Amino acid sequence: MRKWTYLVAVLLMAGTSTSLLTSCIDNDEPAGITDLRGAKAELLRAKAAVEQAEAAIKTAQVKWYEAEAEIKNQEAEQEKLKTSWLEAKYQAQKDSLEIETQKYVERQKKLLIEAQQATAEANAEYQKALAEIEAALVGVEESAYAQKLYELLNNTEYKYTYKDANDVDQEIVIYGLLGLAGALSDAQDELADLMNVKLVMDYTFDVDAKIAAVEGQIATEEGNLEGLKETLEDYKTIKGTSFEDWKASYEAYEKESEDLNNQLNDIKLKEAEALRATTAKQDSLDKANNAKSELKFTVSDKIAEVFANAVQSLSSPTGISTELAAFAITDAEGNVTYPNGIVLQKTKEDKGTILDGILSQIEGNVLDASDITSNKQLQAQYAAQEAGYFTADKKGTYDVALQAWKDAKAAYAKVYTDGKYYDADLNAYDVIVEAYRDYQSAVAQLDPTDDADEIDDLTEAFRKELGEYLTARKVFDGFVPKNGATELSPATKDADFTTWQGLSDDAARFGTDVQSGTTPTNGGAYKAYVDACDAIGYTYDANPADENATQVEISYEEWEENASYPEEGTNLYEKAFAAKYNNAYLTNLLNNQPEWEAMVKSLEDLATANLKEVNEATLCQNDINTEKAKIQAQFYGERAKVKQQLAGINKIMGIIEQTIKDALPSGTATTYEDAVKILDSWIIALEQGSASITTSNTVTFTTDGSIPGQEAVIASYKNLLEGLKSGDYKTSEELLAKQKEDEIGRKQEEIKALQAMLDSANKIKDQLMAGLTGESSGTTEVPETPAEGEETPAE
């Protein structure tokens with residue numbers, strides 16, 4: 001009968017119906033079938049809850065990625081600010097940098113808190129949903145899927161190894177998917193706390209704020225110590241409790257766990273209430289810091305052009321060079337003015353950045369007495385150089401070179417055009433070469449004896465054409481055909497014509513094929529043009545009309561567009577222009593000292609007034625930071641103690657679960673004797689972990705998380721606090737910051753290992769749930785969970 005009932009149950013769960021069984025089944029459904037229906041419904045509800053929680057976990061994970069990425073992306077920029085703060089000469093500069101850095105710290109802390117909160121809420125829902133699955137398994141306890149799933153949730157052993165502070169391998173064992181989920185949630189929570197501590201250590205400059213932050217951290221660590229001591233007592237208590245009383249103890253711990261979680265929520269609410277006034281102050285300060293007001297100044301017409309060029313390179317805040325350029329007006333002659341001055345709407349922070357940037361670009365234009373003397377001497381030198389290059393009668397070095405270049409180019413361009421060297425078919429070279437080929441072909445077809453007169457006529461006609469070509473070619477590039485070193489006159493001398501015909505190739509007979517790209521012979525009009533280009537500093541090409549080769553006159557106005565004082569130059573025209581530019585620059589600078597002095601003073605006054613506002617905001621921010629840290633310190637210790645107690649109780653509940661839960665045929669996961677041994681190992685780890693502090697205030701652990709180790713951590717922070725109060729804290733702070741950085745790295749590796757194991761366990765859980773709810777992909781094989789001692793994916 002039992003087999004029959006089971007068959008019907010399977011058909012129902014698979015959603016199958018058949019008319020063959022109707023005559024054998026009563027209208028009233030057996031109680032066992034009703035129970036199975038209810039069990040499946042419970043499983044489906046629990047499965048949906050798990051899927052919803054897993055989606056929330058993924059969303060929370062995105063917040064972690066975003067927070068970590070933002071912190072990583074900002075590291076370089078914040079290090080620059082930190083370096084600037086260390087190098088700043090004036091307290092006002094330091095105060096301004098402190099405000100900017102504190103904004104970063106608060107922004108990152110907010111991101112971490114959001115990620116921390118989202119993860120905690122999602123994991124709580126996830127663990128609740130897993131517990132619902134566990135409860136629903138009672139209705140299908142004989143299923144192989146159910147037995148495997150129970151084992152996966154509670155008893156499957158997961159191990160991973162990590163390096164402790166001394167680089168020694170430590171092994172952690174976690175039982176069940178429920179344990180994995182809790183361990184991952186705790187690790188992420190601890191990571192957020194570590195990263196917050198590191199942020200405060202790295203980027204808090206005000207000593208009072210540092211003291212308050214360290215006092216808060218000491219309270220946290222002392223709370224952790226108290227929690228560890230409470231946990232130790234709990235371990236000893238449950239170890240001394242008989243197996244028969246463990247179930248009752250479990251219920252008591254379950255109630256205590258609930259109470260502790262309620263305490264954490266109460267602490268959070270009390271802290272938020274205590275911080276309400278401080279938060280309001282921060283909001284008010286942020287609003288004031290982000291408010292925009294007018295930044296207005298004028299630019300004298302006499303110095304407007306130099307000013308415009310100077311501020312083109314400004315890049316901070318983003319787009320400032322474009323904003324400033326919009327106020328400049330350039331007339332038809334190229335004169336720059338700022339008829340309406342410059343009027344901007346900016347925050348205090350941006351005002352300071354803009355004013356500092358402009359002053360850094362222009363304050364060098366204000367000269368002291370010695371600078372004026374030396375610059376007058378330089379100006380006189382440049383004026384003398386300019387006078388040598390440019391004269392009213394055009395007899396200056398540059399004037400003569402420019403005219404020579406113009407004349408040489410014109411002469412060369414004429415013969416180039418006359419020879420049609422720009423044309424691929426009609427240029428003089430190709431025409432004479434073709435004529436020679438025609439002459440050779442015609443003579444080859446005649447008899448030297450019978451057609452002697454006709455050959456003479458053809459030869460005379462060709463030699464005449466050749467003579468005209470060679471005459472023009474000599475003017476063009478100086479080409480003369482030669483037999484060795486001897487010049488030939490093939491157009492007028494018979495012997496030379498015969499010798500000319502025997503030359504090696506067309507280049508020897510006619511010169512280079514210029515149109516095809518070959519350089520002309522270095523003579524004639526071409527050489528005169530090349531020499532003129534070299535003299536002034538221009539480039540050249542065989543085709544003088546090719547402006548891609550820069551064969552046009554370069555005006556001073558064009559060159560000046562990219563000039564900046566002091567210019568030098570490497571060729572004649574650049575040196576001439578540099579002398580003219582440098583002379584004009586220094587003349588303008590010396591003549592306009594009153595305008596530069598007035599503008600720099602005006603901007604410095606604006607910067608001083610703005611800096612006063614920034615300083616007031618900085619002092620206000622420091623007060624808020626100190627007040628906030630002191631308030632938070634009141635809750636840090638209490639919260640840390642409760643969290644430590646909660647972690648210890650959860651471990652105790654886990655070991656009790658593994659020992660007393662034996663409802664499924666698979667049996668218990670842990671014997672009472674083994675559980676006591678595990679408790680002994682936990683007690684030893686808390687009591688006997690040794691730790692010490694080196695002379696450089698570095699904490700060395702034998703066992704992480706031990707009571708002696710925690711006492712050493714507290715002592716290390718107290719050393720730092722003493723150093724902060726005495727003013728001798730730098731080394732201790734840097735070492736502790738490095739220690740926190742190492743702890744963050746280890747915690748991130750731990751999270752990776754836990755996440756990998758959790759992902760693997762979730763895949764198995766999904767397969768088992770599919771089998772139980774009839775949603776299997778078709779396979780009837782029950783997936784295997786890792787056997788005891790078997791390597792898990794994170795190892």
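**Entry: the model.** I am working with a predicted model, in which local features need pLDDT of at least 70, side-chain atom pairs count only at pLDDT 80 or more, and totals for chains, interfaces and linings use all residues. Residues are numbered from 1 along each chain as its sequence is written, and side-chain values use heavy atoms, with hydrogens and water left out.

**Entry: the chain overall.** I noted 24 helices and ten strands in the protein chain; these are DSSP runs (helices H or I, at least four residues; strands E, at least two), numbered from the N terminus. The protein chain has 795 residues, and 43% of them count as buried. For burial I used relative accessible area, with buried under 20%, exposed over 50% and partly exposed in between (1.4 Å probe, protein chains only).

**Entry: salt bridges.** I found 18 salt bridges in the structure, each a side-chain nitrogen of Lys or Arg within 4 Å of a carboxyl oxygen of Asp or Glu.

I started with K236 and E687, whose side chains form a salt bridge at 2.7 Å, N to O. This pair links distant parts of the chain, since K236 is in helix α6 (residues 207-239) and E687 in helix α22 (residues 672-688), 451 residues apart. K236 is partly exposed at 36% relative accessibility, and E687 is partly exposed at 37%.

Next I took K255 and D259, which meet in a salt bridge at 2.8 Å, N to O. Both residues belong to helix α7 (residues 246-274) and sit four residues apart, about one turn of the helix. K255 counts as partly exposed at 46%, and D259 counts as partly exposed at 30%.

Is K346 buried or exposed? I have K346 as buried, at 10% relative accessibility, whereas E323 is partly exposed at 28%.

I also recorded a network of salt bridges that links R437, D506 and R509.

**Entry: α13 against α18.** Helix α13 (residues 397-418) packs with helix α18 (residues 524-536) at about 150°, the axes being 8 Å apart. Axes are lines fitted to C-alpha atoms, for helices over the stretch in contact, and angles run from 0 to 180 degrees between N-to-C directions. The angle makes α13 roughly antiparallel to α18; angles under 35 degrees count as roughly parallel, over 145 as roughly antiparallel, 65 to 115 as roughly perpendicular and the rest as oblique. Among the residues in contact I listed W405 and Y412 of α13, and Y526 and Y529 of α18. By class, I have 16 nonpolar residues, no polar and one charged in the contact of α13 with α18. Ala, Val, Leu, Ile, Met, Phe, Trp, Tyr, Cys and Pro count as nonpolar, Asp, Glu, Lys and Arg as charged, and the others, Gly among them, as polar.

**Entry: α12 against α20.** Helix α12 (residues 369-389) and helix α20 (residues 572-591) pack at about 140°, with axes 8 Å apart. I therefore logged α12 as oblique to α20. The contact includes Y382 and Y389 of α12, and L586 and L590 of α20. I recorded ten nonpolar, six polar and four charged residues in the contact of α12 with α20.

Note on methods: Contact means heavy atoms within 4.5 Å.
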